[in-house]
Amino acid sequence: MSEKIFNPNPEFAKDAKINSMEQYWELQNRAIEDYEGFWKDFADEKIDWIEPYDNVLDESNAPFYKWFSNGKLNVSNQCIDRHLADKAEQNAIVFEGDKGDVQHITYGQLSERVNELSNLLKNKFGVKKGDRVVLYMPMIPEAAYAMLACTRIGAIHSIVFGGFSSEALRDRIEDAEAKIVITADGAFRKGKPYMLKNVVDDALDAGGDSIEAVLVVKRNNEEIKWVEGRDHSYNELIEAESTECPFEPMESEDPLFLLYTSGSTGKPKGVQHATAGYILWAQMTMEWVFDLRKDDVYWCTADIGWITGHTYIVYGPLAAGGTTVMFEGVPTYPDAGRAWKMVQDHNVTQFYTAPTAIRLLHKTGEDEPKKYDLSKLRVLGTVGEPIDPPAWKWYYEVVGNSKCAIVDTYWQTETGGHMISPLPGATPIKPACATFALPGIITEIIEEDGTPTPIGEKGFMCITRPWPSMIRTIWNDPNRFVKSYFGDCKKDGEAVYFTGDGAMIDEDGYITITGRTDDVINVSGHRMGTAEVEAAIKKHDSVAAVAVVGKPHEIKGEGIFAYIVLKDPSEASEDLKIAINKVIKKEIGAIALCDAMVFVPDVPKTRSGKIMRRILRSLAKGEEITQDTSTLEDPSIVEVIEKIVKEG
Ligand code: WT7
């Protein structure tokens, strides 16, 4: 790649919150020299404490770190109440529906909606502090109200992405032993209604016995099944509730929410975030990375079912007192100019999306951005996967008119907020490079034993000091938490957090993320565990064995490629592939569908029975096999599979 460096726009840098690398280093050196002092200053400045904390960082039970112990606060206060004095009339949320219907929700109105829903959950359904509430919601304002209402009364929400199947939903309900599900009849997508409530019905028909009630928001007005006694109408019940509900004082370390994500083995894990540290970093990164200001209109295109939607549609922008856009539809409907039309119509100043979406918008509407007035844009962001240089260039030149910084934000569900990212007014940017750790975040690229990986070589991307917004544990499975994140890398003999990603540092100290080092596939910026997809495929009666790997995909970044061994090889057919994909859709959801399947007589395994996915990845890409195959139980299988893949 060209080593051209893009310096911050001087016009922008003038008033930016962090406006030079000197200022960046001042902050970062302060953190290095006095870590707790650094965090204390920001916690004191940013958080509206109800009761002060007594300890910045408690490392006595590592890696179960505690931040701001015994402090009391409430996230819905941090995001709403404390802004009401001067922002009651300011838009908190700008909602645009699939069909172009728009709602402006001021902080004053947001407060009323959240308070009445808090009352409803508390009074009618007996939801208490610590109870789990599952949200299976479309991208409508009520989803944000529900999140904030949970935080107000101290309930722990667990949002399940609306694209997950009933089986996936049921698993998550059961693992969290949730008390109530909040959903909607459905919503609109590409001009047509789609349904969600029926998925909840199916999930609960098959289990989910902890659920006492289903609260249903009306959105698309389609007819739905109604289970008397279990199902309740949000729209009817909310009328009776008061718009005042005092917020519950929460302890800093009280769980704020769970969000399930895939690992390389086993079932999805319930990543548990804590209250104070999470909201502090959500707010700080909103201010630093997006340089959010008073009159900004900020739009993140993620779905609230993912961590990006949690931190950078709801919690971060609202904690920072900003205006956040929520969009129900897809950016390419009714045409490839939809996203740019929305940027124009709402005067969007910061736009944050995934490389997958950028590639799609580039491919389907290269010149579309030029048809709209995008002149208010100041910062463009990307997240979820490495961005390729051609997509970066188009985003920078055509969308940003060569004047907006692109912040390539590297982070994870587990990190709660951004870890490595350019600062738009400070960092000279190398395209498609996440650049530097944010102030306060201590990252190192190391070998398993902690020795620094040499410049220009791939090493393990570790975060070697605990940080406030980090995962606290895996719900109900503390051992898996320790094993998953603190089991691989050590520094000075102590376990450090390993992200699961590889990374490289260059001679200027710039960090480039090179992708997962484990058996996790990144499909459209979303994590899919190979083990989960394989378990789903195995549910098909004809399948004897299976191995899935990621294969580079023009739009999605990676697609899923499956090698399937049939019980009866004569059954192999295109229809069987379709039938297997149906099982995946039922078990996980459409996001896990395979892009390609091949039927093979066997998969390459070591003598101890471990699938050699490295070889399968190379074969899927059509690469020559250079790896050593002598440790395989049956080395000849490689050539056989190679031939099958080549023949398609
Ligand atoms: C994984 C985390 C973070 C919210 C969306 C995904 C990959 C994330 C980048 C980036 C290269 C990235 C990593 C990471 N990733 N951002 N800017 N450049 N890779 O959250 O589902 O928890 O996935 O996404 O592999 O580990 P997630």
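This is a predicted model: local features need pLDDT of at least 70, side-chain atom pairs count only at pLDDT 80 or more; totals for chains, interfaces and linings use all residues.

Modeller: Residues are numbered from 1 along each chain as its sequence is written, and side-chain values use heavy atoms, with hydrogens and water left out.

Colleague: How far is an oxygen atom of the ligand from an N or O atom in the side chain of T413?

Modeller: T413 is among the residues that come nearest to the ligand, where near means a heavy atom within 4 Å. As a polar contact is a pair of N or O atoms within 3.5 Å, the side chain of T413 can be examined on that basis, and its N or O atom lies from a ligand oxygen at a distance of 2.5 Å.

Colleague: Is D175, which forms a salt bridge with K267, buried or exposed?

Modeller: A salt bridge is a side-chain nitrogen of Lys or Arg within 4 Å of a carboxyl oxygen of Asp or Glu, and in this pair the closest N and O atoms are 2.8 Å apart. Buried means under 20% relative accessible area, exposed over 50%, and partly exposed in between, with a 1.4 Å probe and protein chains only. K267 has 53% and is exposed, whereas D175, at 17%, is buried.

Colleague: What separates K643 and E647 in helix α20?

Modeller: These two residues form a salt bridge whose closest N and O atoms are 3.8 Å apart. Because they are four residues apart in helix α20 (residues 637–647), the separation is about one helical turn.

Terms used:
A polar contact is a pair of N or O atoms within 3.5 Å; within protein, one must be able to donate a hydrogen and the other to accept it, and residues adjacent in sequence count only if both atoms are side-chain atoms. Helices (H or I, at least four residues) and strands (E, at least two) are DSSP runs, numbered from the N terminus.
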